[in-house]
Amino acid sequence: MTTRATVIGVGHYLPERIVENAEFEKTLDTSDEWIRARSGIERRHFAADGETTSDLAVHAAKAALADAGLEPDDVDAIVVATSTADLTFPSSATMVQAKLGITRGFAFDIQAVCAGFVYALTNANALILSGQAKRVLVIGAETFSRIMDWTDRGTCVLFGDGAGALLLEAQDGAGTKDDRGILSTDLNSDGRHKDILYVDGGVSTNTTGHLRMQGKEVFRHAVEKLASTARTALEKADMGADDIDWIVPHQANIRIIAGTAKKLGLSMDNVVVTVQDHGNTSAASIPLALSVGKQRGQIKPGDLIVTEAIGGGLAWGAVVLRW
Ligand code: UT7
């Protein structure tokens, strides 16, 4: 018998305000056509004034709990992946814990930018496998609209706000690749690439800062590193690309998503794509896509899913799980 961290609930939340590409044409030298062609993005959601990352996270967490038919008190731990926490401290996760009315267990944030959800899943899996928690809420939540430079057309048209959540539970598996739950994980980072994707401010420099990105450079790393980490994670699970039902990738750019699928030898019919409606929501993009993919009827129980993501750091990784 092997313990497996198994998905028993999923949910998401998107702020009410939808911003279509055309809206940027009013203030920037850009066009709906350019944004669609170069990124695949058509629209994104932006949080309202006063609506914070933990607010979005709580909505997604409640949806995941409802999906599982469980109450907040059934949760032992909360892990929030975010780079846009409400405050410098305490963690967004403890704010979510309080807003859900949970007074037991523990909660903490993980910061690995766009790879944050893959890092959070890996850590939640370790908590479950080591017996430190039976049920873990794993949330990706972001308000990237707060760190945009609205005069930089190379970045501000690409990002959006949102949150997604999975509820993981320790379940017994047979120890084979047919088990439901997380089957393997692979994490990587290389801090030498800091300058191609970063925020030019922070607490220790007494500034807030804006996101800065050398898009072409990030793109160049993305396809190669995403395909590589997906392959490594599959090998660790003793599987190959043929076993995959769905790739649920970080949703940054349709051309990166398609390029990675091609490198893995898979068709776009095996990819859950939400980038057109959400833009790049950083750590929230994978759980959002998992939740939407389930709602659409794409993801079904027993499906083999590979998630992969890359972002600032650079940090990247992949998780293989059976739904
Ligand atoms: O989630 C974290 C990871 N992030 C990513 O994965 C993002 C990776 N990068 C990308 O998605 C793409 O590189 C972008 C979508 C950011 C840009 O696409 P690109 O095909 O690499 O375009 P580019 O940066 O090479 O720019 C091409 C041209 C430039 O003009 P010149 O120098 O050729 O005259 C840009 O100034 O497009 C121009 N441009 C724009 N034009 C209209 C850049 N942004 C815009 C814009 N509207 N919004």
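**Ground rules.** I am working with a predicted model, where local features need pLDDT of at least 70, side-chain atom pairs count only at pLDDT 80 or more, and totals for chains, interfaces and linings use all residues. Residues are numbered from 1 along each chain as its sequence is written, and side-chain values use heavy atoms, leaving out hydrogens and water.

**Aromatic pairs.** I searched the whole structure and found three aromatic pairs (ring centres of Phe, Tyr or Trp, the last by its six-membered ring, within 6.5 Å; planes under 30 degrees apart are stacked, over 60 edge-to-face, the rest tilted). One of them joins Phe 46 and Trp 150 edge-to-face, with 5.5 Å centre to centre and 75° between the planes. Phe 46 belongs to strand β3 (residues 43-46), while Trp 150 sits in the loop between β6 (135-143) and β7, 104 residues apart (strands are DSSP E runs of at least two residues, helices H or I runs of at least four, numbered from the N terminus). I noted that Phe 46 is buried at 5% relative accessible area, whereas Trp 150 is partly exposed at 40%.

Phe 159 turns up again here: Phe 144 and Phe 159 are stacked, 5.4 Å centre to centre and 25° between the planes. Phe 144 is also buried, at 2% relative accessibility.

**A strand pair.** I followed strand β1 (residues 2-13) next and saw that nine of its twelve residues are buried. β1 runs antiparallel to strand β7 (residues 161-173) over eleven bridges (strands pair if DSSP finds at least two bridges between them). Val 7 has Leu 168 of β7 as its bridge partner.

**Charges over rings.** I found the charged end of Lys 194 over the ring of Tyr 198, 5.6 Å from its centre (the cut-offs are NZ of Lys or CZ of Arg within 6 Å of the ring centre and within 35 degrees of the ring normal). Lys 225 lies over the face of Trp 316, at 5.2 Å from the ring centre.

Key: Buried means under 20% relative accessible area, exposed over 50%, partly exposed in between (1.4 Å probe, protein chains only).
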